[in-house]
Amino acid sequence: MHRLITFVAGTVLGGGVIYAVNRTANQQQQQQHPVAAAVPQSPQLARRDIDNTANEFLKYGYPGPVSDFMLRSRYAASYNRALRNPSWVAEHLTRDNLKGSADRANSEFKEDPALPQMFRALLKDYYRSGFDRGHMCPAADAKQTDESMGETFLLTNIAPQVGKGFNRNYWASLETFVRDLTKTYDDVYCISGPLYLPTKEGDKWFVKYQVIGNPPNVAVPTHFFKVILAKNSADKAFSIGAFALPNREIDNATPLTNFSMPLEYVERAAGLTFFDKIDRKAAMVPLCSKIQCTLEHDAWKKRRDQK
């Protein structure tokens with residue numbers, strides 16, 4: 001028996017669920033082979049300092065892939081050169097580090113000079129594309145200094161997002177939800193990124209996504225994820241939440257819990273492993289079992305008007 005996990009991009013069930021899960025494993029086998037268990041790497045795969053060219057096959061160079069790692073003032077990120085999008089962007093939020101007076105009006109979107117020219121997302125790629133330049137680390141999470149906020153406008157922190165109903169609305173509300181968790185938790189860790197999920201056509205599955213730019217350069221994700229880890233210093237357990245949202249207009253009436261899913265589902269879809277230094281069975285509890293996972297839409301507008 002096998003456990004088949006299938007993400008269905010664009011499927012809406014019960015007002016917004018974006019995935020279908022077909023589980024055929026019995027309970028006993030799930031206990032013998034827990035999905036959340038970390039998969040040990042071979043010594044060579046685990047080593048980061050290995051000389052990949054120390055063999056006859058790569059005598060004249062290692063072709064890659066190269067995963068560009070960036071460490072900024074308020075986030076860390078990994079960049080996918082082929083898709084011209086971040087693979088993931090990680091943040092650590094606290095009550096104190098969210099304070100600041102930096103104004104996004106002083107920032108502007110920029111191509112990232114840290115990347116080789118041929119692998120960069122370009123400003124012109126977004127021009128008249130019909131997509132917003134969507135932040136993975138929000139500008140509002142980096143208000144400490146103008147420099148830290150400016151770093152959130154580098155295109156290595158940006159991916160194409162549907163504007164109306166998503167980037168400017170539902171996704172923005174989710175960003176506010178994450179920030180507001182610092183009112184309940186001492187430390188909040190959030191990892192955000194794009195997904196490229198399959199759709200079913202007839203009896204076959206296809207991964208299809210638009211590419212913007214002329215010539216085509218930047219992939220448009222079908223979905224985006226946010227994985228949240230929260231903890232109070234006095235608690236032993238961590239609260240964990242994983243959400244995957246379709247990159248399209250979402251009705252504000254759609255509950256956030258419709259997009260909540262087990263952590264391992266997002267890991268399988270993204271090809272990533274989150275927070276693997278924590279014992280998931282002993283030290284993790286579902287975030288939405290500890291707090292009410294609801295969005296307050298247009299909360300940022302209310303706060304602005306109160307100033």
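**Salt bridges, sheet and cores**

E201 is partly exposed, its relative accessible area being 37%; here buried stands for under 20% relative accessible area, exposed for over 50%, and partly exposed for anything in between, with a 1.4 Å probe and protein chains only. The model is a predicted one, so local features need pLDDT of at least 70 and side-chain atom pairs count only at pLDDT 80 or more, while totals for chains, interfaces and linings use all residues. Residues are numbered from 1 along each chain as its sequence is written, and side-chain values rest on heavy atoms, with hydrogens and water left out.

E201 has a salt-bridge partner in K208, with the closest N and O atoms 3.0 Å apart. A salt bridge is counted when a side-chain nitrogen of Lys or Arg lies within 4 Å of a carboxyl oxygen of Asp or Glu, and the whole structure holds nine of them. One of these joins D96 to K99, at 3.4 Å between the closest N and O atoms; D96 and K99 are both exposed. R179 and D141 form another, with 2.8 Å between the closest N and O atoms. This pair ties together distant parts of the chain, 38 residues apart: R179 sits in helix α6, and D141 in the loop between β6 (132-135) and α4 (146-151). Helices (H or I, at least four residues) and strands (E, at least two) are DSSP runs, numbered from the N terminus. R179 is buried at 14% relative accessible area, and D141 is buried too, at 2%.

Next comes the sheet. Seven strands make up an open, mixed sheet, in the order β3-β4-β5-β8-β13-β14-β15; two strands pair if DSSP finds at least two bridges between them. At the edges are β3 (67-71) and β15 (284-286), each pairing on one side only. Neighbouring strands are turned by 20° against each other on average, direction ignored. For such angles, axes are lines fitted to C-alpha atoms (for helices, over the stretch in contact), and values run from 0 to 180 degrees between N-to-C directions. β4 (residues 76-80) and β5 (residues 85-93) run antiparallel to each other, paired over five bridges, and A77 has V89 of β5 as its bridge partner.

Helix α6 (residues 170-180) packs on this sheet, touching β5, β8 (187-195), β13 (223-231) and β14 (238-246), and its direction makes about 10° with that of β13; contact means heavy atoms within 4.5 Å. Helix α7 (residues 263-270) lies across β8, β13 and β14, at about 135° to β13. Its buried residues are L263, E264, Y265, V266 and E267. Just after α7, G271 has a positive phi of about 70°.

The largest nonpolar core contains 31 residues, and F177, L181, V188, I228, L245, L256 and L287 have the most contacts inside it. Such a core is a set of buried Ala, Val, Leu, Ile, Met, Phe, Trp, Tyr and Cys residues joined through side-chain atoms within 4.5 Å. Two or more residues each come from β5, α6, β8, β13 and β14, with α6 giving the most, five. Apart from this core lies another, of 21 residues, including A90, F238, M261 and A283.

Finally, H135 belongs to strand β6 and is buried, at 7% relative accessibility. Beyond four places in sequence, H135 touches R104, F109, T152, F153, N157, I158, W171 and E175. Its side chain reaches the backbone oxygen of T152 at 3.3 Å.

Note on methods: Polar contact = N/O pair within 3.5 Å; in protein donor to acceptor, adjacent residues only side chain to side chain.
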